Amino acid sequence: MKKSIFLLVFALVLCLSTQAMAEVVFSFGHSNPPNDRSQNHYFFLKFAELAKKYSNGEIVINEFPSNQLGGEQARVNKARKQTNLITQASTPNVAPFAPSAGVLSLPYLFDDMDEILSLLNGEFGNTILAERIRKESGLRVLGYLTTGFRMITNSKRCVNEIGEMEGLKIRVPKDAIMLKTFEAWGVNPITMAWPEVFTGLQQGVIDGQINSYITNYAASFHEVQKYITPLSAMPWIAPILISDKGFSRLEPKIQQALLKAAKEASLLEQAWGIEREKEFQMILVEKGMVMCPLKDKNTWKEKARAIWPDLYDKVGGKEIVDQALSYIK
Ligand code: MLT
């Protein structure tokens with residue numbers, strides 16, 4: 001009798017301690033190699049560390065870099081169904097699932113980094129846009145990464161003027177805003193999933209593409225690209241996304257820890273991005289890339305701004321664009 005009581009108590013203690021130790025495990029998927037050039041890797045390191053700290057060790061986040069879980073659009077789609085998957089994806093790769101995310105890719109919405117940060121980190125990013133993305137895609141926004149503006153790179157010639165884009169095979173993500181904008185600039189863009197871009201550039205299937213200095217360096221594009229046109233028309237912004245259904249099933253203390261960690265890690269990544277942008281631009285040039293300053297900045301802007309009315313319905317209506325503008329200006 002004594003022995004069975006002892007065994008029962010032992011089993012109970014074991015069960016309680018196992019429960020107390022229970023881990024909530026997430027996968028974090030991203031698009032870069034896990035090195036110190038990558039904004040996504042930097043974010044992951046901070047996010048995993050802070051989530052562990054704020055959950056007293058209960059949250060464990062494992063990294064799946066280099067598109068191991070699929071390209072960005074594939075991962076966004078997976079995250080809608082797979083509750084333990086957290087992913088980053090830049091806005092043109094989120095917009096096919098949540099059109100309103102496309103507002104952040106509208107050409108010339110932003111003039112500078114301060115405007116980007118104030119929109120992302122204020123009421124618009126945290127509440128208005130996040131709520132629209134949740135309703136449209138079933139994905140909750142945990143934070144926003146950014147590395148500043150996207151630059152056009154190519155392997156053929158220095159593009160200083162819009163006319164010099166003619167005939168270049170430029171890759172864009174499969175996204176209406178990107179496609180229409182390049183068409184407005186007189187280019188017939190080629191859509192390609194991100195994991196294929198390096199090889200596409202290497203093999204000459206495409207001549208160029210558009211990404212931030214940091215992404216260009218993280219992806220080692222200096223090995224397959226020569227010229228950089230500093231356009232600053234569209235930013236690289238990547239929401240951090242998790243299934244809303246999955247999130248709502250988590251214990252409140254886990255939800256709070258995850259939100260707090262993602263928010264803080266996003267802010268740390270944004271600061272890291274500001275520090276690294278110039279440095280990485282210089283490294284790209286040291287490694288042989290050539291800067292091609294624009295002679296006709298206004299022409300690019302005028303052509304892109306002229307198609308905004310055609311883009312309103314692609315981003316969920318003019319209202320969201322007006323709202324974004326009212327928070328910027
Ligand atoms: C893309 O061009 O598909 C993305 O900007 C890639 C990325 O998020 O790094």
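**Close-up views of the predicted model**

**View 1. Thr 87 in strand β3.** Thr 87 is part of strand β3, which covers residues 85–88 (strands are DSSP runs of E with at least two residues, helices are runs of H or I with at least four, and both are numbered from the N terminus). You're looking at a predicted model, where local features need pLDDT of at least 70, side-chain atom pairs need 80 or more, and totals for chains, interfaces and linings take in all residues. Residue numbers start from 1 along each chain as its sequence is written, and side-chain values use heavy atoms, with hydrogens and water left out. Is Thr 87 buried or exposed? Thr 87 counts as buried because its relative accessibility is 0% (buried is under 20%, exposed is over 50% and partly exposed is in between, using a 1.4 Å probe and protein chains only). Which side chain does the side chain of Thr 87 make a polar contact with? That partner is the side chain of Arg 75, and the distance is 2.7 Å (a polar contact is a pair of N or O atoms within 3.5 Å; within protein, one must be able to donate a hydrogen and the other to accept it, and neighbours in sequence count only if both atoms are side-chain atoms). Thr 87 also has a polar side-chain atom 3.3 Å from the backbone oxygen of Gly 29.

View 2. Which residues are around the ligand? Going along the numbering, you'll find Glu 72, Ser 90, Asn 93, Arg 150, Arg 171, Pro 173, Trp 194, Asn 211, Thr 215 and Trp 236 (each has a heavy atom within 4 Å of the ligand). Let's pick out a few of them. In Glu 72, a polar side-chain atom is 2.4 Å from an oxygen atom of the ligand. For Asn 93, an N or O atom of the side chain is 3.1 Å from a ligand oxygen. On its own, the ligand has 270 Å² of accessible area, and the protein covers 100% of that (Shrake-Rupley method, 1.4 Å probe).

**View 3. Phe 28 in strand β1.** Strand β1 covers residues 24–29, and Phe 28 is in it. Phe 28 has 0% relative accessibility, so it counts as buried.

**View 4. Two loop residues with a positive phi.** Start with Asn 67, in the loop that runs between β2 (59–64) and α3 (72–81). Asn 67 isn't a glycine, yet its phi is positive, at about 60°. With a relative accessible area of 16%, Asn 67 is buried. Now move on to Tyr 108, which sits in the loop between α4 (91–94) and α5 (113–121). Tyr 108 isn't a glycine either, and its phi is positive at about 65°. Tyr 108 is buried because its relative accessible area is 9%.

**View 5. Tyr 227 in strand β8.** Find Tyr 227 in strand β8, which is made of residues 227–229. Buried or exposed? Tyr 227 is buried, as its relative accessible area is 19%. Along the chain, Tyr 227 and Gln 323 are 96 residues apart, and their C-alpha atoms are separated by 36 Å.

**View 6. Asn 188 in a loop.** Look between α7 (176–184) and β6 (190–191), and you'll spot Asn 188 in the loop there. Asn 188 has a relative accessible area of 66%, so this residue is exposed. How far apart in space are Asn 188 and Leu 50? Their C-alpha atoms are 44 Å apart, while in sequence the two residues are 138 apart.

**View 7. Lys 329 after helix α14.** Helix α14 covers residues 318–328, and Lys 329 is in the segment that follows. Lys 329 counts as exposed because its relative accessibility is 63%. From Lys 329 to Ala 261 is 68 residues along the chain, and their C-alpha atoms are separated by 30 Å.
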